[in-house]
Amino acid sequence: MTPLDRDRWAEIEPLLDQVLDLPPEARPEWLDRLRVDSPTLADAIESLLAAEPAPNEAWLDHDPAALFGKRPGLTGQTLGNYTLDGPIGRGGMGSVWLAHRNDGRFEGKVAIKLLNLALIGRAAEQRFVQEGTVLARLNHPNIARLLDAGVSDTGQPYLVLEHIEGDRIDEHADRRRLDPRARIALFLDVLKAVAAAHANLVVHRDLKPSNVMVTAAGTVKLLDFGIAKLVDEGRPVGADGTLTEEGGRAFTPQYAAPEQLEGRPVSTAADIYSLGVMLYELLSGRHPLEPESDTAAGFVVAAATTDARRLSDAVTPTRNPSDDATDRDAAARSATPRRLRRLYIGDLDNILGKALKRNPDERYQTAAGFADDLERYLADQPVSARADSWGYRARKFARRHRTGLVAAAVAIVALVGGSWFSFEQMTTARRERDHARDALRRSAASVSFETLLFRVLDQGNQSFTYQELLSRARDAVEKEYRGDPIGRMQLAIQFAQIYLRRDDAETAGQILTRAQAIADSLGRPDWQARARCELAAGQAMAGKGDSALVLVRAAGAFLTKAADVEEGTLNACDYGAGHAWLMLRQPDSAQRLFRRIVGRYQAAGDTLTEAYLVALNDQASAAFQAGRPREAGAVVLRLLDLSRQGNTADPWSRISLIVNADMGFEALGEYRADREFLARVVGDSAAIDSVAARAPLVLARFAAALHRIGVSDSARYWIDRALERPDDLGPRFVVAAHLTAAEIAWTLGDRGGFERHRGLVARLAERLTTKGKLELGYLEILSASGALLPAAIRTRLDSLGFGAAGMNQALLRGHLIAAAGRLNSAGAFEDARRYASAAAGIAAVDSLAATHSAAVGHALLEQARAEAGLGDKAAARTSIQAALAPLRFGFGEGHPLVRAAVALQDSVGR
Amino acid sequence: MSNPTFATLLSRADAGDPAAAGQLFESLYGELHRLAEYQLRRNGGRLTLSATTLLHETYLAMAGRDAAAFPDRGRFLAYAAKAMRSLIVDYARARRALKRGGEFEITQIGDRDAPAPGANDQLERIVDGLERLGAVDPKLSELVDLHFFCGFSLVEIAELRAVSDRTVQRDWRKARLLLEGLLDD
């Protein structure tokens, strides 16, 4: 080509103008004609045209920022046949872009959803595209169409959707001040669209007002149908069967059905629930659950624990005259609160009540059924939904009750290893009981512990930690009770109990030693005995069973000298000795003492007090340790029954019961029951929270339970909440919570978080109990890698006394399973088989029924993997066959471990 | 910078006086640079500023000093656009030389925020290509300066130049073709 200069350009330019106006297909002919007269010009133009970059592909079509080496944005990028024009939204699942077709086939704008890459794995890409194609066939005038789905060259999954311009349904209704009937009529369109999707077996799973648009023409358009499922099921399963949950589940807590929040299988009934919430809000302006806070956590808690409030109650004004919200809400519906209430009472209450049932089976079975009832309501015909009858409520109550009993039956196991909770329950209860008596006995100098604390609190208006509060209170005691040694001693015992409950046995010991000295100086044998027995309890709790027994024996010598011994002292001594025997693995001796305490309460008619419950709890604990689970179970059944009859106002005791039950479920491998149980009580603990500031412990246990069954992202949320208040957890539970957090971080692939929590655990290691050290070993197993792994695991387990008596078997079992899993991944099948089969043995012994124990299933799965790895197909077949039922029961059908087991069974044959 | 002579310089440059055109460029460049640096300092070294805004402020600043004799916006931009290009290119070079410094970014308003991949390796080629384009067809290189570097839409440029949209669009296609061809040489 001749070099281009001004003159040559002057020749070319007019010709270029001509050819550029021609359609591309006409250009060759045009060039041929030109070539006849001036071949060089034709060549020059041809080569210029050949250099023409496609639209948006030349650097000139973009931003000069490119010259700065800025990272590329997305605008202007192409995905398949679409070019992104600009972002229009961002959500949990990714970002949404306005785009247009770049091959000229379709002029309109589309919305392209770029799914968060973390939500989908490469292996799932094919499936993603296939599912997308199914959804694309979902053709309904009220559903925004999915036009296309694909995965870009760089692995970015995207969905091409009909672009809808309009308002959210709730904003649309409010802006037009639609009255209830108009709102229902509008909502019927939503229901019909959902019904059509359900008929195609497509579940939305994230229905909410921002996914329901109303166009300017008044047409309802549902967005994002089926996308949640697409994303959810596309999530990858790791090679070791763990579920990676970086992106979290695709739903919105405010509108999610309880089963979604709990991670249970989701069906069309979940959509019905979400629709119920939406209609409820449309009609009342309120959320049906009245969460304590409008946060995601608030909705999770509310959904797990409360039933929907009646619609007509939601629009009833409160007595608070300054609350005019109901007036405003009614005005937005062109009505008054009174009129709304009249309108909603009865049929609409029942319809919404049915849509919002916690149990999916009790809701409308189809969106069409829901719509049908609403249409009947509009037509003043009888509706199918009924108010809950007495019988229904009674049955529901019984069902709840039964769950509670099952929980109670296994609660007892928890007490084997630590007996922390029984101890704390005891101290709490005794404090209340004895406080009343001592207050009577002491006359002028009496002051209640609580009064003292309040006075200390009143001294300044600055905030301080609980720790500071206690130390100030102690100072106050020293000062004010200088002349009243008995008062000082009694308060010292109360303080010691608080420190014990806060897991600070050392400080408690110091205080009690002082109390003992005071009692000795007074020469009062009953008080001398009391102080020693309290100290013994502290020693027992710290694991020093022998020295605890020495103290109790010394106390016994004083008791024989005492003229009048109150029962509190006798109980304290039996209690201290009993726990010392438990520590020394002499459960029969312990049980005898605990039974004696129980007998004293029964004789005194104190069977509705906390203290009695505590004594029962201890008795059951000892029975369990003695290998008499049936006996233990019977005691715990009574225990929970009594706790329901009595006014168990003490929150710490309730928490103890909860945690005991949870630990029991864990030990028995009853993961499913455990999770369901805890989900129910978390709301309860929120109430407890405000009273005692102790709920972080339950939250931590809840997190651990969620983690066990694979809902690790939620688990992380709860463990973080629990760790926000380390002071309220107490030192040992802080360690335990960090251990849980480290495990969760590991599962979520968050190495930074894992190392951080592990570091904290290691730093707190000197406070660790055997349990804690075992847990720390678990973390080491998790993070050991490569060739070092088998050796590291063996050393760790051996050094922990693998198989030694007195070890918490549930924990040991968990670590053996983890070790086996890691060894299988590393190809060390021999070791893996050894540990897995040991774990399976422990799990089976500790289960109520082997077919219900998730732990049995998990251990057998690892065993089968190891056997398959060793080439022993027959053994692997047997193991996997046995693993499937407990895995399914414990984890649920969709759980990765279940899928992994099915896959393994497919490969080794049935 | 002696602004009283701006109008004079402009008419001499219009008449084809290369010395006047050079002086004019320097004066515009200096003014753009001064304003950009001022904004940069005021924002603690981090500045995201649209080129269009910068040009507009420069115009106002210069016109304010020479209100009576100052030319219209279109004529001003015809010269300022090239100064803007140089400014952006110089910042790009400086940024690259410093690796981390020069947090100065000039962005476009509107929807064009994505560069073509690999464009950052082409800076010198592009600078060279634009010079050659200017030698072949100053009108087209000015169009590139206005549209690409200064961020004016083709419709705005059509208004500035008092020609039809279609003409500017066709010119833009030609500029792309020609520049692409010149870069390939």
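**Exercise 1. Determine the handedness of the crossing of H40(A) and H41(A), and state how the two helices are oriented to each other.**

Solution. The crossing of H40(A) and H41(A) is left-handed. This result belongs to a predicted model.

Step 1. Two packed helices are described by the angle between their axes and the distance between the axes.

Step 2. Helix H40 of chain A spans residues 873-891, and helix H41 of chain A spans residues 896-908. Their axes come within 9 Å and cross at roughly 155°.

Step 3. Angles over 145 degrees count as roughly antiparallel. H40(A) and H41(A) are therefore roughly antiparallel to each other.

**Exercise 2. Identify the residues that make the contact between H40(A) and H41(A), and sort them by class.**

Solution. Step 1. H40(A) contributes Lys873(A), Ala876(A), Arg877(A), Ile880(A), Ala883(A), Leu884(A), Leu887(A), Arg888(A) and Phe891(A).

Step 2. From H41(A) come Leu897(A), Val898(A), Ala901(A), Leu904(A), Gln905(A) and Val908(A).

Step 3. By class, the contact of H40(A) with H41(A) has eleven nonpolar, one polar and three charged residues.

**Exercise 3. Locate Glu506(A) in its helix and decide whether Glu506(A) counts as buried, exposed or partly exposed.**

Solution. Step 1. Glu506(A) lies in helix H21 of chain A, which covers residues 505-522.

Step 2. A residue is buried with 20 or more other C-beta atoms within 10 Å of its own, and exposed with 12 or fewer. Glu506(A) has 13 C-beta neighbours inside 10 Å, and therefore counts as partly exposed.

Step 3. Glu506(A) and Ala542(A) are 36 residues apart in sequence, while their C-alpha atoms are 8.7 Å apart in space.

**Exercise 4. Describe the make-up of chain A as a whole.**

Solution. Step 1. Chain A contains 41 helices and nine strands.

Step 2. Of its 910 residues, 49% are buried.

Step 3. Among the contacts in chain A with a separation of 6 or more, 64% join residues 24 or more positions apart.

**Exercise 5. State the confidence of the model for chain A and chain B, and find where confidence in chain B is lowest and highest.**

Solution. Step 1. Chain A averages a pLDDT of 72, with 61% of the residues scoring at least 70. For chain B the mean pLDDT is 71, and 66% of the residues reach 70 or more.

Step 2. In chain B, confidence is lowest in strand S2 (residues 104-107), at a mean of 40. It is highest in helix H6 (residues 138-149) of chain B, at 87.

Step 3. Over residues 98-120 of chain B, pLDDT stays under 50, and the model has 69 contacts beyond four places in sequence for this stretch.

Step 4. The model scores ipTM 0.76 and pTM 0.38.

Key:
Residues numbered from 1 in each chain as written. Chains lettered and ligands numbered in written order. Predicted model: local features only at pLDDT ≥ 70, side-chain atom pairs only at ≥ 80, totals over all residues. pLDDT = per-residue confidence, 0-100. Axes fitted to C-alpha atoms, helices over the stretch in contact; angles between N-to-C directions. Helix = DSSP H or I, 4+ residues; strand = E, 2+ residues; numbered from the N terminus. Parallel < 35°, antiparallel > 145°, perpendicular 65-115°, else oblique. Left-handed = near helix turned anticlockwise from the far one by under 90°. Contact = placed C-beta atoms within 7 Å. Nonpolar A, V, L, I, M, F, W, Y, C, P; charged D, E, K, R; others polar.
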